[in-house]
Structures are given as structure tokens and as C-alpha cells.
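Subject: Structure handover, salt bridges

Hello,

Here is the structure for you to look over. My notes on its charged side chains follow below.

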Amino acid sequence: MPELPEVEVTRRSVEPLVVGQIIRDVRLGKPLRWPLSCEPSSLVGSSIKAVRRRAKYLLLELDEGLLLIHLGMSGSLQFHRERAAPGPHDHFDLVLCSGLLRLHDPRRFGAVVWIRSPEDPLADKLLGAWGVEPLSDEFTVQALWRGLRATRAPVKQLLLAGRVVVGVGNIYACEALFRAGIRPTSRSDRIGMARVIRLHAAIRAVLLQALAAGGSSLRDFASVDGTLGHFQTQTMVYGRAGAPCRVCGTAIKVMQQAQRSTYFCAICQR
DNA sequence: CGGCCGACCTGCGGGC
DNA sequence: TGCCCGCAGGTCGGCC
């Protein structure tokens with residue numbers, strides 16, 4: 001589920017429930033992508049000072065250090081007011097006074113990692129080399145232009161790589177390129193300024209539209225209070241192979257790029 | 001260093 | 001109806 005809109009929707013719904021709360025207990029389920037990197041019991045007694053987001057990571061700021069949460073492909077956070085027995089796919093619980101914050105993640109590509117400080121080598125490995133936040137002032141046409149000029153890779157793969165701009169995954173890369181009228185296979189360094197300007201606007205617009213829709217709930221993504229997102233019903237190309245383009249009526253095509261499915265309209269994107 | 005590819009893991013939908 | 005295959009929102013590490 002988790003691209004920037006889904007992670008941000010999660011952040012906004014979690015924040016008011018956990019900020020100021022003290023960690024009473026920690027429960028681990030099956031192993032996730034990376035180990036927690038500390039004794040679970042060492043987190044007990046810490047309070048949660050803030051909930052931030054960087055790229056697709058949620059960052060719970062503690063008294064000491066940072067709890068970094070990644071939702072992987074299938075993760076979502078839940079909040080239970082009452083004690084609730086964990087299911088087979090519930091792999092991390094933070095017990096607070098106000099209730100229980102729980103990571104539900106069937107595929108276990110997600111992770112919860114404790115980071116001691118910004119100088120921790122783990123911080124660099126996990127948060128170090130990312131590009132700018134697309135909804136911040138740092139994401140300018142110039143920044144996108146420079147990033148595109150620096151590589152011959154297909155533009156869709158550059159967007160997915162996150163080195164220039166973060167938070168854009170497979171759904172929103174396909175959608176942004178459609179809205180900008182750009183072929184996903186176009187060589188990044190051959191895209192002209194007029195198109196870069198359109199792509200810059202399209203990335204922001206599609207992410208904002210998805211945020212307003214509560215994200216995409218392809219399987220079971222939900223915000224912490226259980227609300228489902230509905231952006232998946234608004235996509236122009238993603239998941240619509242064979243269906244008519246909402247602009248020109250031509251059948252939407254799907255192809256493989258770097259082992260990911262790319263959806264596009266061969267007429268609207270040239 | 002850039003870019004491709006496999007790996008990680010489980011569930012589900014479509015086709016036979 | 002039931003089984004098997006392919007595919008799914010991410011990203012790291014190894015290899016050329």
C-alpha cells in the first residue's frame with residue numbers, strides 16, 4: 001500500500017493518538033525486514049514526542065532516539081483502545097496508556113527500527129541518500145530538471161528510485177507521467193523543459209489528490225481509525241490495462257519496466 | 001558509479 | 001470445484 005499519500009494519511013491519523021504517550025510495553029511478532037536493533041524492553045518508559053514522515057518512513061521521535069517504521073508493501077498501522085490479541089500478521093505492538101499501536105504486515109517487507117541518533121550508521125543507511133520531499137518548497141522545477149539531466153535511465157525508473165524526489169511509487173509514477181503526457185520509457189536526460197514543468201506540477205497534483213482521497217486502498221490499506229482510501233477509483237492509468245483511456249478512449253496498455261508493471265496511454269503519452 | 005536483477009514473504013485472483 | 005501460476009503498493013545488496 002504505502003507510497004507517500006498512504007504513509008502521510010497514516011501519520012496524520014496516528015499523531016493525535018500517540019503524541020505525549022508513554023511506552024508501557026513492546027511486543028514483537030515474526031521477524032520483519034530489519035531487526036529492531038535494541039532490546040524491546042529498553043523502549044519501555046520512553047515517551048513519544050512527535051510523529052514525522054520522511055519519504056515513505058514514519059518517524060516516532062522518542063525521548064531518546066527515533067523509532068523508524070516502514071510499511072513495506074502490505075503494512076498498515078492500527079490503533080486499538082482496548083487490549084486486542086494479535087493475529088498471525090501482527091508483528092509489532094507498542095502498548096501505550098491510551099491504547100495499542102500495532103503494525104499489521106502480512107508480507108513482512110515492513111520494518112520497525114530504533115535509531116539512537118542522527119549519527120547512527122543505521123540512520124545514514126536508511127534515511128541518508130534520499131531526494132527531496134515532493135510537497136516541500138525544496139521540490140522545485142530546477143531540482144527536478146537537474147535530477148533528470150543527470151541520468152540516461154527511463155524517466156519512470158528515475159522517479160521510482162527516489163534519488164531526486166521521494167514518495168513516488170508505482171501507482172503515482174504511472175499517474176504523474178500520464179498527467180504530464182510523458183512516455184514512461186523516455187530517457188530522463190532528453191526530456192525538455194516544457195515537459196519537466198508539466199511533470200513537476202503533475203507529481204504534486206497527483207499526490208495532493210491522493211492525499212485528499214485518503215490514499216489508495218488496493219487490498220486493505222486503511223488509516224489508523226480504519227477509514228479506507230479511495231484514490232484507486234480515480235486512477236487514470238494504474239490498474240486499468242485494457243480499459244478505455246479517460247481522455248481519448250484508447251485502451252490503456254501495460255508493460256514491464258525493471259520488473260514493475262507500467263500502465264500508460266500510447267496516445268496521450270508520447 | 002549507474003543500472004539491472006534477484007531476493008525477501010504471503011495472499012489472492014484468474015485461467016485451466 | 002480446485003490447483004497452480006503470476007502478480008502485488010518497496011528497496012536493498014550483489015553483480016556487471
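How many salt bridges does the count come to? It comes to 12. Please keep in mind that this is a predicted model.

Start with the helix pair. R11 and E15 form a salt bridge, with their closest N and O atoms 3.3 Å apart. Both residues sit in helix α1 (residues 4-18). They are four residues apart, about one turn of the helix. R11 counts as buried, at 14% relative accessibility. E15 is partly exposed, at 29%.

Next, E133. Its side chain meets that of R53 in a salt bridge of 2.9 Å, N to O. E133 lies in the loop between α2 (121-127) and α3 (141-149), while R53 is in strand β2 (residues 48-54), so this pair ties together parts that are 80 residues apart in sequence. Are E133 and R53 buried or exposed? E133 has a relative accessible area of 13%, so E133 is buried, the cut-off being under 20%. R53 is buried too, with 17%.

E133 also forms a salt bridge with R54. Here the closest N and O atoms are 3.0 Å apart. This pair again links distant parts of the chain: E133 in the loop between α2 and α3, and R54 in strand β2, 79 residues away. R54 counts as partly exposed, at 22% relative accessibility.

Which residues do shared partners join into one network? They are E8, R11, R12, E15, R53, R54 and E133.

Best wishes

Note on methods: Residues are numbered from 1 along each chain as its sequence is written. Chains are lettered from A and ligands numbered from 1 in the order in which they are written. This is a predicted model: local features need pLDDT of at least 70, side-chain atom pairs count only at pLDDT 80 or more; totals for chains, interfaces and linings use all residues. Side-chain values use heavy atoms; hydrogens and water are left out. A salt bridge is a side-chain nitrogen of Lys or Arg within 4 Å of a carboxyl oxygen of Asp or Glu. Helices (H or I, at least four residues) and strands (E, at least two) are DSSP runs, numbered from the N terminus. Buried means under 20% relative accessible area, exposed over 50%, partly exposed in between (1.4 Å probe, protein chains only).
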